[in-house]
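Please open the structure in your viewer and keep the selection tool at hand.

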Amino acid sequence: DYKVTGVQTCALPISPPRRIIPGDAAASSLFQLLVAKSAEDRMPQKAEPLPKAAIDRIARWINEGARFDGPRELESQPLWEVIPPRDYPPAPPLYPRPAPVTALAFNADSSKLFSSGRNEVLVWDAVSGALTGRFGQLPERIYDIQVSSNGEWIVVAGGTPAQHGETRLLDSRTGRFLRSLASSADAFLCARFTPNGEHVLLGGADASLRLVRVSDGARLWQSEAHSDWVQSVAASPDGAWCAAASRDKTAKVFSLASGELTAIFSEHSQPVASISFLPGSDSILSVGRDRKALWWPGPGRTNATPEIERKKSRELAGIIEEPRKMLVESNSIFLAGGNGFIAEYDLSQTNLKHNLKGQRDWVESLAWDKRTRKLAAGAQDGRIAIWRLETAASTAKDIEPSLVFLAQPKKTAQ
């Protein structure tokens, strides 16, 4: 019956007569739920009772008037934005089974591959697949890893679904925690550095899109324009616009400076999984669970028409599996999804160039290294595969990986 996500909301009943009664803890239903005899009634539900000292502190606060005595600017903020960064539990030293690979990224010099782990980022040698490092003290699940253009930092976005989300900035060489960039009531699912490297776009399971400053974690704006998970974000090469793909079956474009909504694309019939601005073009490419990749006019045409709704201009249909991830690099589109599906398409001709073999389960993450022209893909079953596309024959339709290994630490890092 209560939202306890902030100072103001915890005192607001969702259904009368339950409320906090300043000056009378015993008559306040919040206090009554904390001390209820029945485990079914007692809060927090399905958890151990609060310690007596904590309950006594809450009672004293109510009896003294339930006033907020902190800085005034914090009174209206959600609790997760006020509390200090969490101390996460240590990662398990050994994994009994491989971890689903929901995030991948190459480091700046192409020698390492970062992958999602359990409360950690795992660091692998990109040539041998040997475990070389472990960056701990991170959210339970990692959904995105992004490396800054200068190679100094990595952004790690994740959380515990329906409970907590956090995005952290780490030193890319040592894994040292530098600062928390954002917290939320639900997990962060995607992150992207802006072209100048000074800001990070974040999308999450709370349906929000936000822009935060790297130097101090300040939130510059937040949009609630989507009604469901924001699953992918992108920034235009000129740094003027950003785009988001959502489980609400739409993709939307915003001003990067202000967060103002400037364009809506709703021609996907299923959730939109990924989105990208196309190089050297004012077009946007989005891919959805309807097995379609659709081109549509981007922000460059926003001022040329009063219509905020966009219509598709081209289509790549006939995708054999449901795609979950997309990468656009140079003149190639890489799509990945169900049953180990990974394919490279020609961006200009929209024809299939290569099938990348080696995965068997749902592919949950992709990473591209421009220096070595390597593609890495991580799957739900914990398999990581790497392909060296600079050595692949242009006429070969099926390409086997040069390296396959499991995201399963069985010993300490070398």
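A residue is called buried when its relative accessible area is under 20%, exposed when it is over 50%, and partly exposed in between (1.4 Å probe, protein chains only). The model is predicted, so local features need pLDDT of at least 70 and side-chain atom pairs count only at pLDDT 80 or more, while totals for chains, interfaces and linings use all residues. Residues are numbered from 1 along each chain as its sequence is written, and side-chain values use heavy atoms, with hydrogens and water left out.

Select Arg289 and Glu322, which form a salt bridge with the closest N and O atoms 3.1 Å apart. A salt bridge here is a side-chain nitrogen of Lys or Arg within 4 Å of a carboxyl oxygen of Asp or Glu. This pair links distant parts of the chain, 33 residues apart: Arg289 lies in the loop between strand 18 (283–288) and strand 19 (293–297), and Glu322 in the loop between strand 21 (314–316) and strand 22 (323–329). Strands are DSSP runs (E, at least two residues), numbered from the N terminus. Glu322 is buried, at 17% relative accessibility, whereas Arg289 is partly exposed, at 40%. Next, select Lys292, Lys312 and Glu315, which salt bridges with shared partners join into one network.

Select Asp171 and Arg173, whose side chains meet at 3.8 Å, N to O. Asp171 is buried at 11% relative accessibility, but Arg173 is exposed at 58%. Then select Asp216 and Arg213, which meet at 2.9 Å, N to O. Asp216 is partly exposed, with a relative accessible area of 44%, and Arg213 is also partly exposed, at 31%.

Select Ser274, in strand 17 (residues 272–277). Ser274 is buried, at 5% relative accessibility. Which residues does Ser274 touch, not counting those up to four places away in sequence? They include Ser232, Ala245, Leu285 and Arg324, contact being heavy atoms within 4.5 Å.

Two strands pair if DSSP finds at least two bridges between them. Finally, select strand 27 (residues 374–379) and strand 28 (residues 383–388), which pair over five bridges. Ala376 stands opposite Ile386 in strand 28.

Terms used
Helix = DSSP H or I, 4+ residues; strand = E, 2+ residues; numbered from the N terminus.
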